[in-house]
Amino acid sequence: MLRYLYADELHKHPALADGMFKDRADQFKTRLGWDVTVNEKGEERDQYDVLNPLYVIWEEPDGNHGGSLRMLPTTGPVMVNDVFGHITGGQPVRSPLIWEATRFCLSRTASPHTAGIIMMSCLEILEGFSLSNIVGAFDARMIRIYRLIGSSPVLLGSQGQGREKISVGLWSYSTDDHNRVAERVGVTRELSRLWFKTSFGSTAQHRFSLTA
């Protein structure tokens, strides 16, 4: 199932949180060779994890972490402005209605449709919180993955060539995308909405500030 958990709620699911941060270390440091910090516990964490972000976590049937991503509003510190601002020409992406998705991570043992289910959660967040967009930076390999999943972003800019190419993209809500992703991952819209409502209630309200 999908769980939507703020950082200050992770203590309620310690094994799931432990798996997420360790799988992030495995993916970003070990497999991709990124310049990220791994602590003595084998966890990958950064300065954005202390800002009480919202995590979307796919919990496998055995209770283990299958995949996840991290959400923060662009009204505060976000990677797309702090780290990748040069890709968008130095113009910050900043709005209470635009959230950033980062740290898209899959465990080595993730079930086949995990990536698509996590993408489906982004569409639930866009619709459920009446956001205008989700923004994110991603490497070249993700463009094909997004296309296969059924929800591709509008590119705001790119830098580099080949496998080293980094892009910043913007997603908006689309019913067609939502239906297409649901069909491809084999999860009904009703079940996806139930997972969202289980975390936020029938009248969804997030905890991020709406001030710009």
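**Note on helix packing, cysteines and loop residues**

1. Helix H3 (residues 114–128) packs against helix H5 (residues 175–185) at an angle of about 150 degrees, and their axes are 9 Å apart. Axes are lines fitted to C-alpha atoms, for helices over the stretch in contact, with angles running from 0 to 180 degrees between N-to-C directions. Helices (H or I, at least four residues) and strands (E, at least two) are DSSP runs, numbered from the N terminus. H3 and H5 are therefore roughly antiparallel to each other; the cut-off for that word is an angle over 145 degrees.

2. This is a predicted model, in which local features need pLDDT of at least 70 and side-chain atom pairs count only at pLDDT 80 or more, while totals for chains, interfaces and linings use all residues. Residues are numbered from 1 along each chain as its sequence is written, and side-chain values use heavy atoms, with hydrogens and water left out.

3. On the H3 side of the contact are Gly116, Ile117, Met120, Leu123, Glu124 and Glu127, which meet Asp177, His178, Val181, Ala182 and Val185 in H5. Contact here means heavy atoms within 4.5 Å. By class, the contact of H3 with H5 has six nonpolar, two polar and three charged residues. Ala, Val, Leu, Ile, Met, Phe, Trp, Tyr, Cys and Pro count as nonpolar, Asp, Glu, Lys and Arg as charged, and the others, Gly among them, as polar.

4. The count of disulfides comes to zero, where a disulfide is a pair of cysteine sulfur atoms within 2.5 Å. The sulfur of cysteine 105 has its closest cysteine sulfur in cysteine 122, 14 Å away, which is too far for a bond. Cysteine 105 is buried, at a relative accessible area of 0%, and cysteine 122 also counts as buried, at 7%. Buried means under 20% relative accessible area, exposed over 50%, and partly exposed in between (1.4 Å probe, protein chains only).

5. Two residues deserve a look for their backbone angles. Most residues other than glycine have a negative phi. Asparagine 52 is not a glycine, yet has a positive phi of about 55 degrees. Asparagine 52 sits in the loop between helix H1 (14–31) and strand S2 (54–59) and is partly exposed, at 23% relative accessibility. Serine 130, also not a glycine, has a positive phi of about 55 degrees. Serine 130 belongs to the loop between H3 and strand S5 (133–139) and is exposed, with a relative accessible area of 55%.

6. Glutamate 190 lies in helix H6 (residues 189–200) and counts as exposed at 61% relative accessibility.

Conventions: Parallel < 35°, antiparallel > 145°, perpendicular 65-115°, else oblique.
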